Amino acid sequence: MLTSGVSFYSFDRGDSLILVAAILRAFMVTLTNKLTRDKNIPPLLLTSIQTGVVGLGCLSLGLIILPEGLPALPAAAQFWYATIFVIVFCTLFAFFAQNYVSHPGRSYGIL
């Protein structure tokens with residue numbers, strides 16, 4: 001919706017996917033907080049488990065919905081630099097930060 005130009009009334013497939021992703025992320029954060037509230041699980045361990053589950057789930061889903069197999073990956077270094085940046089800073093860091101902040105025993109001076 002931010003990139004649609006002047007009109008806010010054009011809601012395309014990409015906007016729908018982002019909205020669904022935001023809803024699923026909110027569900028995941030809420031559920032993770034609820035399931036780990038009374039457990040002392042280190043944030044790095046929890047992030048590792050989440051990353052593995054998401055990675056294997058996406059790979060499995062790709063193999064199921066793409067009967068001809070997964071497409072070949074680009075060999076360009078720029079693609080891999082961008083991919084690693086997105087994985088590390090936009091995914092892993094976001095998961096870790098959420099797990100770290102909601103870790104039991106943390107005090108932030110908030111009533």
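User: Which residues of H2 are called buried?

Analyst: They are Pro43, Leu46, Thr47, Gln50 and Gly62. Buried means under 20% relative accessible area (exposed is over 50%, partly exposed lies in between, with a 1.4 Å probe and protein chains only). This is a predicted model, in which local features need pLDDT of at least 70 and side-chain atom pairs count only at pLDDT 80 or more, while totals for chains, interfaces and linings use all residues. Residues are numbered from 1 along each chain as its sequence is written, and side-chain values use heavy atoms, with hydrogens and water left out.

User: Why does Thr47 count as buried?

Analyst: Thr47 has 5% relative accessibility, so it counts as buried. Its place is in helix H2. Leaving aside neighbours within four places in sequence, Thr47 is in contact (heavy atoms within 4.5 Å) with Leu92, Phe95, Phe96 and Asn99.

User: What do the buried residues of H2 pack against?

Analyst: They pack against H3 and against helix H1, which covers 13–36.

User: What makes these elements helices, and how many helices and strands does the protein have?

Analyst: A helix is a DSSP run of H or I with at least four residues, a strand is a run of E with at least two, and both are numbered from the N terminus. The protein comes to 3 helices and 0 strands. Read from the N terminus on, the order is α-α-α.

User: Why is the span of H1 said to agree?

Analyst: The 24 residues of H1 should span 34 Å at 1.5 Å a residue, and the end C-alpha atoms of H1 are 34 Å apart, so the two agree. The buried residues in H1 are Asp15, Thr32 and Thr36. H2 and H3 are among what covers them.

User: Why are H2 and H3 called oblique to each other?

Analyst: Helix H2 (residues 43–65) and helix H3 (residues 77–101) have axes that cross at roughly 135° and come within 9 Å. Axes are lines fitted to C-alpha atoms, for helices over the stretch in contact, and angles run from 0 to 180 degrees between N-to-C directions. Angles under 35 degrees count as roughly parallel, over 145 as roughly antiparallel, 65 to 115 as roughly perpendicular, and the rest as oblique. H2 and H3 are therefore oblique.

User: Which residues make the contact of H2 and H3?

Analyst: From H2 come Pro43, Leu44, Leu46, Thr47, Gln50, Thr51 and Val54, and from H3 come Leu92, Phe95, Phe96, Gln98, Asn99 and Tyr100. By class there are 8 nonpolar, 5 polar and no charged residues. Ala, Val, Leu, Ile, Met, Phe, Trp, Tyr, Cys and Pro count as nonpolar, Asp, Glu, Lys and Arg as charged, and the others, Gly among them, as polar.

User: What makes Asn99 buried?

Analyst: The relative accessible area of Asn99 is 2%, so Asn99 is buried. Asn99 lies in helix H3. Apart from residues up to four places away in sequence, Asn99 touches Thr32, Pro43, Leu46, Thr47 and Gln50. Asn99 and Pro43 are 56 residues apart along the chain, and 5.2 Å separates their C-alpha atoms.

User: Is Gln98 buried or exposed, and why?

Analyst: Gln98 counts as buried because its relative accessibility is 13%. Gln98 is also in helix H3. With residues up to four places away in sequence not counted, Gln98 touches Arg25, Met28, Val29, Thr32 and Gln50.

User: Which residues make the contact of H1 with H3, and how do the axes of H1 and H3 cross?

Analyst: The axes of H1 and H3 cross at roughly 35° and come within 11 Å. Arg25, Met28, Val29 and Thr32 of H1 meet Ala94, Phe95, Gln98 and Asn99 of H3. This contact has 4 nonpolar, 3 polar and 1 charged residues.

User: What share of the protein do buried residues make up?

Analyst: Of the 111 residues in the protein, 11% are buried.

Note on methods. The expected span of a helix is 1.5 Å times one less than its number of residues.
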